[in-house]
Amino acid sequence: MSGASKFFSNWYNFALRDETKTLARLAIGTFCTSKNMDKNFKIFPYSFQGSYEEENRDQLFADLFHSEEVLKDLGCVSIINSKSKSKKIISMEIETVPCTLLSTDIFDRIYDRGIVLQDGTIRKCFEEYVNDIVIADELRNMLLMEESDNYYLYEEMERKEFLFRIFQHFCLGGSLNQYEDNIEPYFLMAKTLYKDLICVRKTGTQKKITIMSKVYKVTVFELFTQEILGGLALSKLSLWIDLPRTPVW
C-alpha cells in the first residue's frame with residue numbers, strides 16, 4: 001500500500017463510456033437492489049486519452065479525482081462547489097490488489113469444510129454482530145470472525161485476491177442485512193462481475209490465458225483549508241479501479 005498527495009495536472013482527461021448495459025450488469029444491478037447495496041455499489045466505465053504506465057499511476061488517480069465529471073458521477077457535488085473556497089489537496093492510499101485467479105476453485109474449501117452443504121445450503125449458527133453486520137451463518141462467520149475455526153481456511157494473500165473480495169462483498173450485503181440461504185447466488189454474482197470487469201488474453205506460444213488487468217483499491221482523502229472557517233476538512237472515499245493494460249483511445 002502506498003500513499004500519495006498530488007495536485008491535478010490535467011495530463012489525463014476522462015470520459016464516461018456510453019455503454020449499453022450488458023445482461024451481466026443488469027443481473028448484478030437487480031441483485032444489489034434486492035440487498036439494498038445499490039446506493040453504495042456502482043460501476044462507472046471511463047476511457048482516458050493516452051496509455052497507462054505504472055510510474056504515472058499516482059498522477060492518473062490524482063487527475064481522476066480532480067475531474068468534475070467524475071466527481072459528479074460519484075455524487076461529490078459539494079467537493080466541486082468547494083473548489084472556489086479552498087486550496088485543495090488530494091491525498092490517496094493506493095493498494096495494488098492481487099488479481100491472479102482464473103477459476104472459482106478457491107471456494108471448494110467451503111464445501112470441504114462443511115460450511116456449506118453439498119446442495120449449497122449455508123449452515124446456520126448463533127447470531128452475533130460485527131460492526132452492525134449480522135453473523136447468522138457459518139459463511140459470514142468464516143469471512144469476518146478471526147476467532148472462528150474456519151477463518152484461517154484462507155490465508156491473508158488469498159483474502160486479498162480481487163475475486164475473493166468481490167465474493168465477500170456480495171456475501172455481506174447491504175445495510176438491511178438480507179442474506180441468502182444458499183451460496184449459489186453469491187457464487188454467480190461474484191463470477192459474473194469478475195468476468196465482466198477483468199480483461200484476459202492468450203499469451204505465448206502455448207496460448208496461456210493471462211489476466212491483463214491491473215486492479216487497485218484507492219482510498220481518497222480530500223484535505224483542504226477552508227478560508228471562511230479557517231479549519232481543516234477531511235473526507236474519505238474508497239473505490240476499486242480496474243485498469244486495462246492497453247490504451248482505450
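Which backbone oxygen does the side chain of R140 reach at 3.3 Å? The side chain of R140 reaches the backbone oxygen of C171 at that distance. The legends below place this pair in its setting.

**Figure 1. The whole chain, a predicted model with 9 helices and 10 strands.** This is a predicted model, in which local features need pLDDT of at least 70, side-chain atom pairs count only at pLDDT 80 or more, and totals for chains, interfaces and linings use all residues. Residues are numbered from 1 along each chain as its sequence is written, and side-chain values use heavy atoms, with hydrogens and water left out. Helices (H or I, at least four residues) and strands (E, at least two) are DSSP runs, numbered from the N terminus. Of the 249 residues, 41% count as buried. Buried means under 20% relative accessible area, exposed over 50%, and partly exposed in between (1.4 Å probe, protein chains only). The protein exposes about 14500 Å², and carbon and sulfur atoms supply 51% of that area. Accessible areas come from the Shrake-Rupley method with a 1.4 Å probe; for residues, only the protein chains shown count as cover. Among contacts (heavy atoms within 4.5 Å) with a separation of 6 or more, 69% join residues 24 or more positions apart.

**Figure 2. The largest nonpolar core has 37 residues.** I110, L139, F167, F170 and I183 have the most contacts inside this core. At least two of its residues come from each of α1 (23–34), α5 (108–112), α6 (138–144), α8 (162–172) and α9 (184–197). Helix α8 gives the largest share, 8 residues. A nonpolar core is a set of buried Ala, Val, Leu, Ile, Met, Phe, Trp, Tyr and Cys residues joined through side-chain atoms within 4.5 Å. Leaving aside neighbours within four places in sequence, L139 is in contact with I110, I115, I122, F167, C171, I183 and Y186. A second, separate core of 16 residues includes Y12, F14, F48 and M92.

**Figure 3. Helix α8 is largely enclosed by the rest of the structure, because 9 of its 11 residues are buried.** The buried residues are F162, L163, F164, R165, I166, F167, F170, C171 and L172. G173 follows the helix, and its phi is positive, near 70°.

**Figure 4. R140 is buried and has no salt bridge.** R140 lies in helix α6. The nearest side chain of opposite charge, D137, is 4.6 Å away. Lys and Arg count as positive and Asp and Glu as negative, while His and the chain ends are not counted. A salt bridge needs a side-chain nitrogen of Lys or Arg within 4 Å of a carboxyl oxygen of Asp or Glu. The side chain of R140 also reaches a backbone oxygen of V134, at 2.6 Å. Not counting residues up to four places away in sequence, R140 touches I133, V134, I135, M145, C171, L172, N177, Q178 and Y179.

**Figure 5. R123 sits in the loop between α5 and β5 (124–130).** Is R123 buried, partly exposed or exposed? R123 counts as partly exposed, because its relative accessibility is 41%. R123 and L139 are 16 residues apart in sequence and 7.5 Å apart in space, C-alpha to C-alpha. Not counting residues up to four places away in sequence, R123 touches G114, I115, L117, D137 and E138.

**Figure 6. P45 is found in the loop between α1 and β3 (46–48).** P45 has a relative accessible area of 17%, so P45 is buried. From C-alpha to C-alpha, P45 and L197 are 9.6 Å apart in space. In sequence, P45 and L197 are 152 residues apart.

How values were computed: Polar contact = N/O pair within 3.5 Å; in protein donor to acceptor, adjacent residues only side chain to side chain.
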